[in-house]
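The entries below record what I looked up and what I found.

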Amino acid sequence: MLASQNRLLSGSRIASFKQPQPFVAAGRSRCQPTIVAKAKLAPLVDAIKADQIRTDLPPVNIGDTVRLGLLVQEGKGKTRTQRLEGVVIAQSGSGSNITITVRRVFQGVGVEMNFFLNSPVLGGLEVLRRAKVRRAKLYYLRDRTGKSARLKELFVRKEKAAAAN
Amino acid sequence: MQFESRRAGVIAVKAGMMQDWDEYGARVPLTVLWIDECTVVRHKHQQRDGVTSLVLGCSAKRPKQLHPRQLGEYAAAGVTPKRKLWECKVTEDALLPAGTVIGAAHFKAGQYLDISGVTKGKGFAGVMKRWNFAGQNATHGNTKHHRAPGSIGGRTDPGKVWKGKKMPGHLGCERVTFKNIWVYKVDPARNLLFVRGQVPGPQGSFVYVRDAFRWKWAERQAAQLPFPTFLGEALPEVQVARSDRQDPYRVYREDVGYFEADWKGD
């Protein structure tokens with residue numbers, strides 16, 4: 001084999017040996033002339049969901065006794081607010097799809113209702129009483145009635161409550 | 001637009017899910033589809049290729065990642081390199097020139113879609129997950145056969161296991177079409193489609209979006225979809241569709257036997 005045909009001896013292989021390049025931001029953008037738009041999907045959807053989060057309702061904790069105002073359609077377009085009361089025993093979801101479960105014993109029957117906190121159907125929300133609970137979910141209240149289903153009241157100073165809001 | 005016309009579809013990226021509340025206050029679960037630079041790369045004709053279709057491309061790809069011959073094809077079409085290509089069968093009156101960008105304005109809020117995609121892979125799935133078998137007793141002396149299939153055939157007759165017997169195996173990662181998906185909202189400026197319900201595949205995957213095939217011609221005509229595509233200068237505003245269902249909170253009057261909204265009066 002001729003020396004000129006030997007690729008190892010000829011200069012082409014040595015010339016193609018890659019020299020380590022120092023990292024230069026300007027140099028990288030020159031190597032990639034086409035601008036590739038890399039959009040991130042999760043922040044996009046989060047930004048759209050953030051518009052739906054309602055700021056007009058007070059914050060709700062587990063164990064609170066709340067009174068909700070539900071906007072109810074009545075026949076020919078008239079809207080009425082139906083008041084529903086109960087203890088918040090669970091909270092689920094995050095961001096724009098936060099759900100609370102409100103429990104109440106109504107005429108001897110335990111009733112649990114689920115609400116989306118950011119729904120336009122919620123006319124108003126009022127926290128009547130806060131409770132000291134040591135659980136995230138108060139499902140144990142389903143087995144208790146009457147005096148054993150009481151929750152210890154949590155007293156919050158008015159200044160602290162105002163500062164929190 | 002004729003009865004037999006089939007418009008171009010679109011490749012979209014499944015961005016995530018969220019919800020919104022419609023005019024009745026009912027919750028609508030939504031999937032957000034992002035149409036990332038869906039462009040016509042080339043088209044095929046019946047005489048030359050045996051089929052009338054558009055080859056659509058979606059999402060950008062760095063030129064470094066492609067073979068020079070692939071780059072040459074994109075350069076010949078005058079289109080930036082694409083990450084995903086899909087051939088979409090259309091009728092001749094819906095053909096579009098190479099380089100046409102199809103955006104969210106191609107669709108209208110309130111229309112119906114068929115969405116195809118590759119489902120999430122579930123791996124080697126057992127018979128209860130794959131074929132909805134009932135399983136066996138959890139207790140009462142059952143030994144090690146709680147989720148097993150049980151019997152797989154007869155005895156000497158037929159003396160074999162029938163072909164196609166439902167057994168454990170690979171589940172998912174296959175192409176599936178969800179039909180008649182309702183479009184709740186269209187955002188042409190950001191190229192977003194908000195459709196009701198679920199769409200096959202995980203977040204970030206590509207889905208193929210087409211007009212619903214089983215959509216009555218009278219309704220399809222009334223929707224006045226942009227044909228062959230939206231070619232206007234100014235993008236339309238965000239459109240939100242009116243609910244296609246009845247008011248779920250309408251009051252039923254037992255004494256009268258009617259829903260109040262339907263009551264025409266005496």
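The entries go from a sheet to the cores, and then to single residues and a helix.

**Entry 1: the sheet in chain B.** I noted at the outset that this is a predicted model. I looked up an open sheet of 4 strands in chain B and read its order as S5-S4-S3-S6, with antiparallel pairing. Strands S5 (82–89) and S6 (101–102) of chain B stand at the edges; each has a single partner strand, so one side of each is left without a neighbour in the sheet. I recalled that strands of a sheet pair through backbone hydrogen bonds, either parallel or antiparallel.

**Entry 2: one pair of strands.** I then followed strand S4 of chain B, residues 53–60, which pairs with S5(B) in the antiparallel sense over 7 bridges. Which residue of S5(B) is the bridge partner of Val55(B)? I found Glu87(B) in that place.

**Entry 3: the nonpolar cores.** The largest nonpolar core has 51 residues. Leu33(B), Leu56(B), Ile115(B), Leu193(B) and Val209(B) have the most contacts inside it. Strand S1 of chain B, residues 10–21, gives the most to this core, with 6 residues. Another core, of 24 residues, lies apart from it, and I listed Val88(A), Met113(A), Leu117(A) and Leu138(A) among its members. In soluble globular proteins, nonpolar side chains tend to be buried together.

**Entry 4: Leu56(B).** I set aside neighbours within four places in sequence and looked up the contacts of Leu56(B); among them are Val10(B), Ile11(B), Val40(B), Leu85(B), Trp86(B) and Ile102(B).

**Entry 5: Ser59(B).** This residue is found in strand S4 of chain B.

**Entry 6: Ala136(A).** I located Ala136(A) in the loop between strand S5 (122–129) and helix H4 (158–164) of chain A. Not counting residues up to four places away in sequence, Ala136(A) touches Ile62(A), Ile89(A) and Ala90(A). I also looked up Glu112(A), 24 residues apart from Ala136(A) along the chain; their C-alpha atoms are separated by 16 Å.

**Entry 7: helix H2 of chain B.** How many of the 10 residues of helix H2 (residues 68–77) of chain B are buried? The number is 1, so this helix lies largely in the open. Just after H2(B), Gly78(B) takes a positive phi of about 75°.

How values were computed: Residues are numbered from 1 along each chain as its sequence is written. Chains are lettered from A and ligands numbered from 1 in the order in which they are written. This is a predicted model: local features need pLDDT of at least 70, side-chain atom pairs count only at pLDDT 80 or more; totals for chains, interfaces and linings use all residues. Side-chain values use heavy atoms; hydrogens and water are left out. Two strands pair if DSSP finds at least two bridges between them. Helices (H or I, at least four residues) and strands (E, at least two) are DSSP runs, numbered from the N terminus. A nonpolar core is a set of buried Ala, Val, Leu, Ile, Met, Phe, Trp, Tyr and Cys residues joined through side-chain atoms within 4.5 Å. Buried means under 20% relative accessible area, exposed over 50%, partly exposed in between (1.4 Å probe, protein chains only). Contact means heavy atoms within 4.5 Å.
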